[in-house]
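Have a look at the structure first, then read on.

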Amino acid sequence: MGTTGQVTAMSYRYDIDGVADLEVYEQHDGYEGLRIALGMEPAEIVQAVKDSGLRGRGGAGFPTGLKWSFVAQGTGKPIYIVCNADEGEPGTFKDRPLMELDPHQLIEGMIVGGLALNSEQGYIYLRGEFAHAGRQLAAAIRQAYAKGYLGADVMGSGRRFDLTLHRAAGAYICGEETALLDSLEGRRGQPRLRPPFPAAHGLFGCPTTVNNVESIAAVPFILRHGVDWWRQWGTDKSPGPKLMCISGEVERPGNYEVALGTTVADMIELAGGMKDGRELRFFCPGGSSTPMLPASAADTPYTFEDIAAEGSLLGTGALMIYSTQTSVVDTVLRFTEFYEHESCGKCTPCREGGYWLSQVLRRIVTGGGRMEDLELLEDVCDNIFGRSFCALGDGMTSPIVSSLKYFRDEYETYIRERRCPFGLYPPAPDAPTVEFTAFPAAAGPS
Amino acid sequence: MAITETTREEAQALALRYPVARAALLPILHLVQSVDGYVSDEGMALAAEVLGLTRAEVGAVATFYTMYKREPVGNYLLSVCTNPTCKIAGAQAIYEAYVEACGGRHVDPDGAGVMVEHAECLGICDAAPVVQINYEMYGPVTHDEAMGLLNAAKAGEPPASNRSGHVPATFTAVEREFSGIDDGVHDQLVEAARLQAAAAVPPAYRTGETDLPVTHPGGDPSGHGGAAFRAAFDTPPGSPPAPQEQEVVEELAATGTDTAQELAQQVTGDDAATPDAVLPAADQPPVVPSSDPDDATEEA
Ligand SMILES: Cc1cc2nc3c(=O)[nH]c(=O)nc-3n(C[C@H](O)[C@H](O)[C@H](O)COP(=O)(O)O)c2cc1C
Ligand code: SF4
Ligand code: FES
């Protein structure tokens with residue numbers, strides 16, 4: 001494993017004053033990756049991305065170079081490169097800052113991706129609520145057109161690349177790549193059956209790749225500094241730096257760039273340690289869809305393979321930290337309500353399951369739970385996981401199944417004492433009077 | 001304000017930025033929202049008309065997305081994130097206090113006019129708890145600061161965001177921005193879309209679970225796809241399609257699926273009745289027969 005800890009690689013321009021402006025960006029190595037790409041064959045660019053070992057930063061960790069090599073060439077159809085800037089996974093906030101602070105980085109990545117894939121049109125599908133990011137991107141795209149980075153003759157090379165900023169309208173499911181394509185085509189965002197895969201039959205029935213903002217923005221860096229530079233961080237299977245979103249009960253929540261392989265405990269330290277000296281109880285390693293892990297797993301190196309070995313997923317790099325003052329069950333309820341609300345309604349297990357899971361959890365937190373409810377939750381999750389049309393359904397079960405594995409005692413306390421031990425909800429009318437010892441009674445915001 | 005001829009022209013302009021017009025539906029819904037302050041029935045009818053869709057299709061889309069509001073918002077929309085990280089930082093209490101301050105409702109038309117809503121994770125959890133005014137972010141806010149934001153919005157004077165430094169514009173102005181109509185690269189995008197629509201195999205109007213390009217003749221009536229399609233068939237009935245189109249059609253027939261052959265047959269075949277039925281006369285707007293089972297149910 002390479003060096004671990006905080007690094008400054010993809011975020012190195014974040015602190016440069018005015019770097020969203022094209023001229024300042026150019027002074028700081030801007031569009032150098034593109035200049036290099038213009039001297040390469042498309043296949044060479046794809047090979048460089050493959051060699052770097054870059055894995056998709058949108059959640060699934062699929063190798064980006066491999067994904068690009070699947071895109072069907074020579075069909076007579078236009079080829080599309082679509083940037084997934086829908087960033088909606090709870091706990092994730094890395095793409096938005098990148099687009100706000102250094103928008104040209106993404107535009108440069110899109111053009112390079114276009115060259116690699118013989119695509120002349122890119123779309124940035126931006127989460128609708130990201131007003132400031134939209135403003136920054138729109139201004140940057142205008143500048144890039146005016147200076148000939150975009151358009152009919154990219155940097156005088158005779159190659160064409162056009163880029164459309166498309167603002168969405170608020171639906172988490174549109175982050176799922178095939179739902180995104182349906183949404184971009186002006187439909188409800190509902191996932192598509194695969195195959196056919198987007199690489200052959202994506203946007204408007206044409207060969208398409210959908211990649212996360214961070215994945216696309218990484219490519220010019222890889223071309224500019226080389227594969228070895230990228231691989232100096234992380235492990236063989238998870239190379240490179242990662243933009244981390246550290247949130248929850250830490251002193252300095254925020255965006256940190258770290259080498260993959262840094263432990264979760266070190267990242268908590270990086271974020272100033274636990275807030276007010278609280279004690280770590282559980283964390284979600286990569287967003288709410290990734291199974292939560294107990295404090296004892298905090299020494300796990302943050303790589304795709306190590307987090308998977310612990311039974312969870314690296315996801316988007318959204319590390320959410322929670323202390324002993326926070327109710328696991330209530331957190332799970334809120335996550336479940338999120339999935340219930342965001343279910344697109346296409347398939348039965350997720351559409352109906354989300355509703356029932358919320359009902360059962362709500363009954364538990366308000367003091368009406370039954371011990372059988374725990375098996376009921378597991379049973380419903382079992383009927384959703386692997387039986388849903390897309391990964392949203394699977395993600396819905398993650399918080400529940402993992403919390404029942406590690407924190408069953410808290411569920412049992414809710415049910416036995418017929419009230420929330422954290423005092424978040426009024427107890428059931430007939431609840432016994434008890435002093436809680438298992439969990440601090442002082443809960444909620446301090 | 002009401003939908004005007006200008007709105008229609010702007011909606012048509014948005015449609016031309018995409019190789020297939022329907023892709024402009026989300027931007028157009030932002031546009032109509034910027035005129036009426038919500039997605040009105042009139043606005044949906046306009047979108048349907050401009051894109052050659054049924055109103056049911058537009059309604060199905062408009063009601064799917066959180067940001068399209070079906071009742072007037074007023075000048076300021078306040079969104080409180082109540083996902084766990086914000087919730088444990090005090091957001092739930094803020095949201096409940098907001099509703100109470102609006103008399104137990106989610107809209108308060110008095111003063112500048114506000115709407116309050118609870119939102120899912122707004123992607124800025126390091127600033128928990130977070131409130132947005134017209135999608136401009138504020139956080140972390142104390143309970144009192146959050147109430148101050150509501151009062152300022154009601155008075156029509158929201159402060160600058162402590163994150164972006166921007167003072168939120170009114171709801172309609174922000175929705176206009178989201179439509180992208182003023183992004184400033186219109187001509188470039190129209191040209192790009194036109195080129196794609198003229199590709200050897202143009203982008204398909206109907207997609208989904210089929211591998212057929214342009215699955216029904218005359219599709220995409222208002223976009224480049226329609227224009228490209230019409231140009232390829234703009235020949236007297238009976239005469240063969242343009243050479244380039246002929247190639248595509250033959251390739252299509254060679255794919256072997258029944259539907260592909262049927263479509264190829266319609267285009268090249270001697271059975272003149274079929275193409276006549278689906279192809280518009282030269283000076284008439286194209287008809288849009290529906291081949292999509294979804295649409296069939298929507299129209300039924
Ligand atoms: C429910 C759901 C939501 C998703 N949301 C996002 C998202 O907001 N941003 C993103 O990049 N990927 C998201 N994904 C993952 C995408 O489907 C896809 O894997 C990703 O965009 C591919 O990009 P990558 O290969 O660069 O990671 C989501 C997946 C699911 C199932
Ligand atoms: S799992 Fe949920 S979000 Fe995914 S297709 Fe089914 S209903 Fe839609
Ligand atoms: S949890 Fe509130 S912004 Fe993410």
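Predicted model: local features only at pLDDT ≥ 70, side-chain atom pairs only at ≥ 80, totals over all residues.

Chain A comes out with an average pLDDT of 94, and 97% of its residues score at least 70.

## Where the chains meet

On the chain A side, 73 residues are in contact with 66 residues of chain B. Together the two chains bury about 5600 Å², with 56% of that on carbon and sulfur atoms. Three arginines stand out here: A:R167, A:R188 and A:R334 supply 13% of the area chain A buries against chain B, more than any other three residues.

One of those, A:R334, also has a charged partner: its side chain meets that of B:E120 in a salt bridge, at 3.0 Å from N to O. The count of salt bridges between chain A and chain B is four. As for polar contacts across this interface, 23 residue pairs turn up, both partners at pLDDT 80 or more.

Which elements of chain A give two or more residues to this side? They are β2 (121-126), α7 (131-146), β3 (162-167), α8 (177-184), β5 (241-248), β6 (254-259), β9 (318-323) and α14 (328-342). The largest share, eight residues, comes from α14(A). Sorted by type, the chain A side that touches chain B has 30 nonpolar, 24 polar and 19 charged residues.

## A sheet in chain A

Five strands of chain A make an open sheet with mixed pairing, in the order β6-β5-β9-β7-β8. At the edges sit β6 and β8 (293-294), each pairing on one side only.

Strand β7 (residues 280-284) of chain A runs antiparallel to β8(A), and two bridges join them. In that pairing, A:F282 has A:P294 in β8(A) as its bridge partner.

## A sheet in chain B

Chain B has an open sheet of five strands too, ordered β2-β3-β1-β4-β5 and again with mixed pairing. Its edge strands are β2 (107-108) and β5 (136-138).

Inside this sheet, three bridges link β1 (residues 76-81) to β4 (residues 131-133) of chain B, and the two strands run antiparallel. Look for B:L78, whose bridge partner in β4(B) is B:I133.

Technical notes: Residues numbered from 1 in each chain as written. Chains lettered and ligands numbered in written order. Heavy atoms only, no water. Contact = heavy atoms within 4.5 Å. Buried area = accessible area lost by both parts, 1.4 Å probe. Polar contact = N/O pair within 3.5 Å; in protein donor to acceptor, adjacent residues only side chain to side chain. Helix = DSSP H or I, 4+ residues; strand = E, 2+ residues; numbered from the N terminus. Nonpolar A, V, L, I, M, F, W, Y, C, P; charged D, E, K, R; others polar. pLDDT = per-residue confidence, 0-100. Pairing = 2+ DSSP bridges.
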